[in-house]
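Please look at the model before reading on.

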Amino acid sequence: MINQTNRGFKTLLLLVLFLVPVLQLAGVNFNGLTVSNDDRLLFRADFEGQHALFVTRLSDLSLQQLTMHPEKLYLVDNGRTILILNRLGASRIPVSGGLPTPLPVYPSFAGGDTPLKGRLQDLAASTDGRWALVMEPVSAGFGNLLLVELSSGSKRIVSERIELPGNNFPAKWSPDSRLFVYSKGDRLFYFPILSDPSVLVDERFRMIGPGGIDSVLWCQQGDFYYLAGNTLYRVTNPELFTRTIYGDFLSIGSVAAVLPLTFDSGFDNYWIAPDSGSILVNKNGRGLFFFLLGENQNNTAVLPHVIIPHGADNFNVLWPLAESEQRGANTARSRRSDSKSHLTVVYSLLGETMVLRFEVNGGNITALPNRSYPLAANAALSPDGTRAIFWGENGLELWDYTNWRLIQRLNNIPVYSCAWINNRQLIAGTSRFIEEINISSSSYPRRRICLSAAEEFGFEDNVRGSSRIAVRIGNEWFSSDGRNPWSVAPGIQIKPPILYSDRYRAFLEPQVSGHYVNIPMIRNMSTTGTVSLLSRHTANRSYTLGRQMPIALCFDLYDDDTGLSQVLSALSRLDIRATFFLNGGFIRRNPGAAAAIAKAGHETASMFYTPIDLSDSRYRVTPDFIARGLARNEDEFHKATGKELSVLWHPPFYRSSNLVNSAAAATGYTTINRSIDPGDWISREDALRLNLRQVMPSEMIEQIIEKRASGAIVPIRLGLLPGGRDEYLFQRIEVLLDAFIRSGYVIVPVSTVIR
């Protein structure tokens, strides 16, 4: 047991490490303002590591976006149009080249919306480029699902009060764009695209069955799969659209397989082979299971499972057609006994890229040795399955998929998103350009589609009337008149920045709080008064921005580590440090989990050596019992991780007494109490026994945000409850983090907020 002197030193060290000023997270920052002779204002907006160039006519303050950071891109309309999403909005850009055109309905700065901190807001676009599904938040936990026609901007509400999505958007389109499936309240529904929407039946008659959006997928041939419990259903494409309008969705399908495991859409994922001959299941992010389908499904000569280590995320499965099918020798959907293909699973593990390679040969699967690793886990397979691309912060690589070897490093600068146009061409969104790369030539020629950034910018110098806009990226200069695509402009000269013309004057007004670091102000010198460039901008009413204040998140681990990988990944993506409370029993059963928490740099605290109720009269609780229990937990943690626990603790289940608290304090520990009880510990059995209503996670998030306060401590329980739950709060951790951040709160470890 650590003595009192060491306890005092550790306490002082914690204070030095954690009691630091909480810095305000930066909002949108405007810079580089310059005014042209024809009364246009050019400026750059920086937000959460991204930036974009805008121009506005000062006469009407209309905004036009000129560059587009490619945080995420989708290729639609048979490869003719790119949809690009980032923190400042969403736009369409022709693959042939052009300037960004704002996407209707999607919140964008150019369209008058205030950018929100937190995750990128995703959408689901139909492959024909005609439609998009967008979530419109109505509260911290719920939103309305909107169907938007992109050509006209018209919208209709598909369903109200759908749970805001965690990792995946809650809807999926069919490959032919005539149907989509969406999830709501642990149920799945279908929605056909009809010329006359009035004939569409009520939502309750369009239900497919229980499950989440990960329960369903479409294959390349357009077949629909639905995995519920241990049963995999398959509906063939020709039947799908014509018959689901009038009858039960699954009555037209067939049972493709009955698996020897139970699928849980809240934790699991699956993939179907392109030939529909096999299925790969990721069980709770901890193990991969492979099963054959069709006539070979009873073959036991397959890989039973592969263990996945703690902290793994960003799974990408590369699964081409069998080699004989690629050559056109076999067009049947059933797996031939002599067909052979390679299955590759790529994922991230605490910043490292990991690869699992398998050879699927008829009814057998063999794990292949692997010594070659791409630079990142983000991956896409070419349509013919012969090439693969991998991209990330360190660049872009082209690989020979069949022989699993690097062909060429195509970029050394950050690459944020990619998509294949065909087997010869791909789109890459880098930190500088959105460009097309041709891989059919050894020189890998490139064509610039749009600019991603603007390192230096201004209006063309020595020009009367309307000046071209010029941008420098690296050593190259590009120009545009605001209507036509960017073109290379060697030798172009820009005039020094000025903040006035004959009619207008512009300046920046600093802000001490709110969504903006500063605000561009416009003075019309022919009238009185000064207006803000953002006077028409509105913030989402679902998130009430308060003064920047700290709030502590802590995660309690009692029995098992279910949900830990998801939480670690979510915290890592947002660069958040939290506090994890562990007991000795958990550490002994899950030493890898304890080590993963420590390696990720989170604060680790004690929850005694065993999860018992210290207020229970059946236990003889003495100061010595408490001291020994805390000391034993320290030893268990050090044995598993090589590191020490902090001097923070809370009794299991937050049940304590003055005696318990005093005994812990005597050994140097600070007892932590929760400020808000989410109620995520109430199982189905508890709800029945205690006559309580089991609140669902999206409702919990609403209640937490309503009760939040500066310095509050909010606990979240990880692991499965013995009495069971339909859904757990940690499954919506991304939504909760967004709600805190967008409401102006800074998430910190517990030691930062205690006094």
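## Basis

A residue is called buried under 20% relative accessible area, exposed over 50%, and partly exposed in between (1.4 Å probe, protein chains only). This is a predicted model, where local features need pLDDT of at least 70, side-chain atom pairs count only at pLDDT 80 or more, and totals for chains, interfaces and linings use all residues. Residues are numbered from 1 along each chain as its sequence is written, and side-chain values use heavy atoms, leaving out hydrogens and water.

## Salt bridges

A salt bridge is a side-chain nitrogen of Lys or Arg within 4 Å of a carboxyl oxygen of Asp or Glu. The whole structure holds 40 of them.

R80 pairs with D77 at 2.9 Å, N to O. R80 is partly exposed at 49%, and D77 is partly exposed at 22%. R468 and E460 also form a salt bridge, at 2.9 Å from N to O. Here R468 is partly exposed at 34%, while E460 is buried at 16%. Shared partners link R432, E455, E456 and R472 into one salt-bridge network.

## Two helices

Helices are DSSP runs of H or I with at least four residues, and strands are runs of E with at least two, numbered from the N terminus. Helix 6 (residues 591–599) packs against helix 7 (residues 623–641) at about 80°, with axes 8 Å apart. Axes are lines fitted to C-alpha atoms, for helices over the stretch in contact, and angles run from 0 to 180 degrees between N-to-C directions.

## Loop residue

M525 lies in the loop between strand 41 (518–524) and strand 42 (530–532). M525 is partly exposed, at 36%.
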